[in-house]
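Subject: Structure handover, with notes on its interior and open spaces

Dear colleague,

I am passing on the structure we spoke about, and I would be grateful if you could look it over alongside the notes below.

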Amino acid sequence: EEQLKDYLKVNNISLYTNGHMALELAIQAFNLTGEVITTPFTFVSTTNAIIRNGLKPVFCDINPDDYTMDVTKIESLITDKTSAIVPVHVYGNICDVEKIEEIAKRHNLKVIYDAAHTFGVEYKGRGIGTYGDASMFSFHATKVFNTIEGGALVYNNPELKKSIDSFKNFGIIDQEHVIDIGINSKMNEFQAAMGLCNLRHFDEEIAKREKVYNVYTERLSGVPGITISKTQKGVKPNFAYYPVIFDETVFGKTRDEISEELAKENIFSRKYFYPLISDYDCYRDRFDSKKTPVAKRISNRVLTIPMYANLSVEDANKICDIILKK
């Protein structure tokens, strides 16, 4: 915890067996009620954590530039039942944290970020976890920093430490006192040891990822029918993912066709995030994905292509060759 606090530039942190439990218990710790504004363009964990706390998710559309919550549409969704906003930083891209803070203060709402994709990211010199009331980080094996499986909650109010830590340990604070109805979601020692090992090499890993990012950006920029994310101003990035949007009417091939062509060469991409949360079997009867048309359009066209530190420049170029082959 101490090493992560220093690296992430945060004041308070609690570690968990996985990121989902960090988010679910954060929502519980803030005693939220009623409705929570969030995004359908995320991993299903985000919505599950809200619903498993007895709350109603209200989906806000995303913007087409960085795929995070469209802050211009938040206030129209706020009602007298709204208690919080749960935005999601996506692919390493950060939300408009300043505008979200402004809206939250004006309406007296809590802000809990799903920051699973943004370990190590900074905005204007501040650790991204210092924005909002709390942020969840995932340390799953697929993330830029991992503890094989694991997660963390960072938060600004030190008085929350006692209750937050009790929730992950059955509500126990000592041998004779149980103050909350909690569960077992503590990070174990082996996960923590792996985290200490990986943290030593994190900056080196990011530098390697940046080389891959630069190859992709050089090869895929300016190609008609292809849209790629641009590095955000004021942001120290972590190069977590490389999403590519394919407009088949211009590019000539669909996202699915590109994915299949890559798979033939043993190159495995991911339609991430697809489907939208609101189109999953367990949610489609509750929500209408047509109400978030930008998220729907991006979800149907996005493909994340391989991005990891040991991907060679040669292989990154090979991936681009396959994508661009007519």
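Predicted model: local features only at pLDDT ≥ 70, side-chain atom pairs only at ≥ 80, totals over all residues.

Residues are numbered from 1 along each chain as its sequence is written, and side-chain values use heavy atoms, with hydrogens and water left out.

Helix 4 spans residues 97-107, and within helix 4 Val 97, Ile 100, Ile 103 and Ala 104 are buried (under 20% relative accessible area, with a 1.4 Å probe and protein chains only). Viewed down the axis of helix 4, the buried residues fall within an arc of 125°, so they line one face of the helix (the arc being that of the directions from the helix axis to the C-beta atoms). Helices here are DSSP runs of H or I with at least four residues, and strands are runs of E with at least two, numbered from the N terminus. Among the elements that cover these buried residues are strand 4 (82-86), strand 5 (110-114) and strand 6 (122-123), where contact means heavy atoms within 4.5 Å. Just after helix 4, Asn 108 takes a positive phi of about 60°.

Asn 238 sits in the loop between strand 13 (235-236) and strand 14 (242-246), and Asn 238 is buried, with a relative accessible area of 1%. A polar atom of the Asn 238 side chain lies 3.1 Å from the backbone oxygen of Phe 119, and the side chain of Asn 238 also reaches the backbone nitrogen of Ala 240 at 3.1 Å. Leaving aside neighbours within four places in sequence, the residues in contact with Asn 238 include Gly 92, His 117, Val 144 and Arg 209.

The largest cavity holds about 180 Å³ of space, a volume being the space filled by probe spheres set on grid points joined across faces, edges and corners. Its lining has 15 residues, of which Tyr 91, Asn 93, Tyr 213, Thr 231 and Pro 237 lie nearest the centre of the largest cavity.

Best regards

Key: Buried < 20%, exposed > 50% of the residue type's maximum accessible area, 1.4 Å probe, protein only. 1 Å grid on protein atoms, 1.4 Å probe; cavity = no way out; pocket = protein on both sides within 12 Å on 5 of 7 lines; lining within 4 Å. Polar contact = N/O pair within 3.5 Å; in protein donor to acceptor, adjacent residues only side chain to side chain.
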